[in-house]
Amino acid sequence: MDRCVCIHGHFYQPPRENPWLETIEIQDSAYPHHDWNERITAECYAPNAAARILDGRGRIEQIVNNYARISFNFGPTLLAWMEAKAPEVYAAVLEADRESQERFGGHGSAIAQAYGHMILPLANTRDKVTQIRWGIRDFEHRFGRKPEGMWLAETAVDLESLDIMAREGIKFTILSPYQAGKVRKRGGRKWYDATGGRIDPKLPYEQELPSGGRISLFFYDGPISQGIAFEGLLRRGEDFANRLLGAFTADKGEGAQLVHIATDGETYGHHHSHGDMALAYALHCIDQNPDVRLTNYGEFLERHPRTPHARIVENTAWSCVHGVERWKSNCGCNTGRPGWHQEWRGPLRDALDWLRDELAPAYESAAGELLRDPWAARDGYIDVILDRSPERVARFFERHAPRPLSETEQTKALKLLELQRHAMLMYTSCGWFFDEISGIETVQVIQYAGHAIQLAQQLFGRSFEAGFIERLEKAPSNLPEHGNGRRIYEKWVRPSAVDETKVTAHYAAASLFEEYGDHEPVYCYDVDRESYRRWDAGPAKLAVGRCRVTSRITRESEVHTFACIHLGDHNLTGGVREADGDGEAMATALSEPFSRADFTETIRRLNDQFNGSQFSLSTLFREEQRRILGTVLDSARSRAEGMYRELYVQQSPLMRFLSELGNPLPVEFRTTAQVVLNIDLKKALREPKLKLERVRTLLERARLWQAALDEAGLSYTLQQTLEERAEAVRNNPGDAERLARLDQAVDLALTMPFAVNLFRVQNVVYDLLRRARAGDGEPPLAADGANRLRAVGEKLSLRVE
């Protein structure tokens with residue numbers, strides 16, 4: 001009898017990119033990381049690519065790639081981010097799929113996902129087709145093969161979606177046991193009721209489709225999946241393994257059995273700390289069991305193709321007991337905020353459906369003049385999304401345009417296709433999942449709609465905004481200060497809109513604080529400088545110039561004239577207008593009063609020049625706003641630090657006396673010490689030559705003065721220092737000085753009063769030790785170096801023998 005185990009992880013993050021800039025701006029709630037994608041990568045995606053298996057003494061015995069031994073899918077938008085921002089983890093995911101093909105009879109463990117995490121049963125047929133085709137093409141682009149399976153967002157399923165998947169070559173999908181309606185044996189005639197999760201999950205099933213096709217369904221083990229996600233089953237990897245092994249039917253005379261589970265992949269490390277290690281150890285235990293073997297869905301289906309039949313319960317999902325109501329009504333499914341309602345869900349979907357249906361005929365008509373088949377072109381547009389190079393765009397138009405298009409026509413076609421991309425992104429399921437319409441996930445989908453509205457206005461000369469926000473007004477917030485969807489749109493979406501004018505403003509302001517060349521990328525735009533002059537008058541700065549701004553997404557291009565003046569601190573103002581002439585007259589008009597420090601007259605003339613098209617620091621992109629504020633506040637920060645330091649020095653003797661008497665320090669004294677000591681510690685931890693005694697002295701003073709440490713910030717600072725030193729050793733393992741510096745930093749990390757993330761450092765040293773043991777180090781380590789590397793490994797809790 002074939003007894004197999006398969007663990008599936010659905011790895012996904014909601015898109016967080018600014019829809020106009022195609023990048024994630026800083027998210028303060030993810031501190032000390034830049035954003036939540038980066039933080040969850042550090043907590044989950046990276047650890048599962050290099051998961052630890054410990055020996056009996058708690059030392060790291062093996063570092064393994066969990067992805068190679070499980071079944072998994074990654075959201076396409078998450079993989080796109082990862083490819084750019086976490087390339088090591090991205091490479092490990094792709095390598096895991098290649099390794100799994102060797103392990104599982106040529107079947108890779110990665111499966112595709114319908115592209116944008118849209119709830120497909122609530123989508124129209126066109127969107128279902130595009131989402132499925134985009135998901136398949138994205139997978140092929142990344143993994144270099146056709147996918148066998150496809151994950152559906154929230155496992156939300158209907159027959160039409162399954163039919164489209166099967167026609168596109170998808171062989172199977174994974175569902176909750178509560179989505180099974182009826183079953184019958186292969187060759188049998190009688191159907192049995194399987195509702196309420198009563199289906200046997202240890203077998204695959206075959207679903208007959210309206211078109212006459214078939215697709216295989218795997219209904220995961222609900223109780224075990226629930227235990228992993230919500231009942232603490234990941235506290236011990238051995239318990240996890242035993243729970244899986246205990247699910248087999250005892251009678252060995254039965255046929256093949258597959259015990260399989262499915263959860264959010266973030267369960268393994270983000271939702272449950274060290275869940276990656278529990279997963280690694282469970283897989284290790286199962287691998288060691290001679291009566292059971294690990295598999296993936298593709299391999300099991302090939303080995304056991306004769307499956308019983310099933311019929312799904314349509315319009316159901318794994319995260320809503322009311323079908324798919326969670327994404328269109330106040331059904332009662334929520335994340336648990338007492339007293340809050342979700343009456344906003346229905347009006348939000350109604351508004352988006354209205355917008356989609358209004359945009360579709362306008363798109364079809366306009367695109368029909370430029371593309372052979374507007375909807376087939378939309379399906380093929382995924383190739384451009386994956387590679388926006390001029391060569392790929394040219395091939396796209398060769399395939400889909402009925403004739404050579406002018407540059408203006410190409411720009412219009414690309415804008416039409418971007419309109420459709422955002423009209424699908426606005427249906428990302430996370431927009432309805434949580435409790436409040438003003439939450440970041442819901443604002444994100446409304447921003448996608450806002451970008452589609454902006455593109456439609458530019459393309460068709462018609463505003464869709466009024467009709468959209470009229471419908472949004474019916475979506476009530478739980479928070480009185482936000483009112484309803486209309487106010488949320490006006491507060492957060494409309495001000496976020498970006499065009500070439502706003503990019504020019506960003507460029508003009510930034511040019512006062514850093515040196516720009518003639519060509520500069522600004523997010524998803526290129527800025528080419530045609531003229532630029534700058535004047536300084538003490539701390540004040542004035543810049544006047546002319547530039548061409550070009551979107552790398554649509555190739556739309558505009559030329560603007562700009563001027564910007566900074567008078568110190570946050571006092572920055574400027575203006576942008578369409579270029580008219582070379583700007584020399586404006587430069588003269590502004591520089592004349594500025595050069596004699598008549599700033600009032602300079603600003604008056606600037607206002608006259610731009611006549612209401614001014615910008616300030618508050619209107620810039622968030623990331624650039626933070627960076628400029630950091631620069632302009634440096635002097636203010638230095639002054640404040642100097643005052644705190646002076647007070648600290650003056651108060652130190654009295655603070656010491658109070659501490660010796662055991663008296664509590666006044667809060668004013670503690671605050672002074674806290675500011676100074678945290679600043680000094682961060683500086684000390686980034687010194688090229690770490691002074692251990694200096695750091696220990698500062699830590700002792702913090703303890704003595706009862707000063708609260710910025711543990712997250714200090715830990716992250718030391719982590720960066722460690723990782724830089726580890727990379728330096730990896731690049732030149734024979735350099736004794738680099739190894740000594742790493743050794744010193746590890747010693748310091750181990751004595752800190754807070755945890756320091758040693759993950760990447762352990763990976764580097766483990767890899768160097770493995771290579772040295774295998775004799776493939778380049779160059780080979782000398783005996784002294786090898787001994788010291790082993791000593792560092794022992795400090796890092798690696799089993800080095």
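Reply: Happy to! Please keep in mind that this is a predicted model. As background, most residues other than glycine have a negative phi, and most peptide bonds are trans.

Let's begin with the peptide bond. Y31 and P32 are joined by a cis peptide bond, with omega at about 5°. As for where this falls in the chain, P32 sits in the loop that runs between β1 (3-11) and α1 (36-49).

Next come the phi angles. H117 is not a glycine, yet its phi is positive, at about 55°. This residue belongs to the loop between β5 (112-113) and α4 (125-143). Is H117 buried or exposed? The cut-off for buried is under 20% relative accessible area, and H117 counts as buried because its relative accessibility is 1%.

T155 is another residue to look at: it is not glycine, and its phi is positive, near 50°. You will find T155 in the loop between β6 (150-151) and α5 (159-167). With a relative accessibility of 1%, T155 therefore counts as buried.

While we are on the topic of burial, helix α17 is worth a glance too. Within α17 (residues 465-472), the buried residues are G467, F468, I469 and L472. These buried residues pack against three helices: α10 (345-368), α16 (440-460) and α18 (485-493).

Notes
Residues are numbered from 1 along each chain as its sequence is written. This is a predicted model: local features need pLDDT of at least 70, side-chain atom pairs count only at pLDDT 80 or more; totals for chains, interfaces and linings use all residues. Side-chain values use heavy atoms; hydrogens and water are left out. Buried means under 20% relative accessible area, exposed over 50%, partly exposed in between (1.4 Å probe, protein chains only). Helices (H or I, at least four residues) and strands (E, at least two) are DSSP runs, numbered from the N terminus. Contact means heavy atoms within 4.5 Å.
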